[in-house]
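Work through the exercises below with the structure open. Try each task before reading its solution.

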Amino acid sequence: MTRWLFVLFVAVPLAEILLLIEIGKQVGLLPTVALVLSTAVVGVALLKRQGLAVLAQARASLDRGEMPMDSVVDGACLLVAGAFLLTPGLITDTAGFLLLVPTVRRWLAARLLAFAKRSGKVEIHGFDPFSEPSRRHNDESGPVIETDYHEIHPGREKPSEHDERPANSPWRRRP
């Protein structure tokens, strides 16, 4: 773990600085700064577009009653990609742009999941979104739906002061 922290906080910034110095020697200061800024601007624009697409995909999954696991993984990868793209430097920008490629995200997610399973620190269970957590694995009586209700009496034209539904509600019986 300390090796990864060393790489993350010392080796990567040092490599970024060395690369920027070398590029600055070759093309000059202003083109190097323009390159770093343009990669950030283009990356954030692509990130926004893909983020909205992943959000729409998650909503569609939820509408179908499915858990949006692919969208969650994509969203996490896009979050890391955004951090990489906003960090000045070309190495982190390259990593950020790679995470914007869906095939790379899927490959990386599969490798991370396989690593987590091998480490023995992850358990994966099924999930039933329609049951309560305490009953999820023990009771097969079905979901519990809690609600408030108001009795509607036939012949009553005006809703009571407790009835919050409009008079033209399809849930209101007509006399």
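**Exercise 1: the chain as a whole**

In the protein chain, 41% of the contacts between residues at least 6 apart in sequence join residues at least 24 apart. Keep in mind that this is a predicted model.

Task: State how many helices and strands the protein chain has, and what share of its residues is buried.

Solution. 
1. Count the elements: there are 5 helices and 0 strands.
2. Read them from the N terminus: the order is α-α-α-α-α.
3. Turn to burial: 19% of the 175 residues are buried.

**Exercise 2: serine 61**

Solution. 
1. Apply the cut-off: buried means under 20%.
2. List its contacts, leaving aside neighbours within four places in sequence: serine 61 meets Glu66 and Pro68.

**Exercise 3: valine 54**

Task: Classify valine 54 as buried or exposed, and find which residues it touches beyond four places in sequence.

Solution. 
1. Locate the residue: valine 54 is in helix 2.
2. Its relative accessible area is 9%, so valine 54 is buried.
3. With residues up to four places away not counted, valine 54 touches Ser71, Asp74, Gly75 and Leu78.
4. Check a distance: valine 54 and valine 73 are 19 residues apart in sequence. Their C-alpha atoms are 9.7 Å apart in space.

Notes. Residues numbered from 1 in each chain as written. Predicted model: local features only at pLDDT ≥ 70, side-chain atom pairs only at ≥ 80, totals over all residues. Heavy atoms only, no water. Contact = heavy atoms within 4.5 Å. Helix = DSSP H or I, 4+ residues; strand = E, 2+ residues; numbered from the N terminus. Buried < 20%, exposed > 50% of the residue type's maximum accessible area, 1.4 Å probe, protein only.
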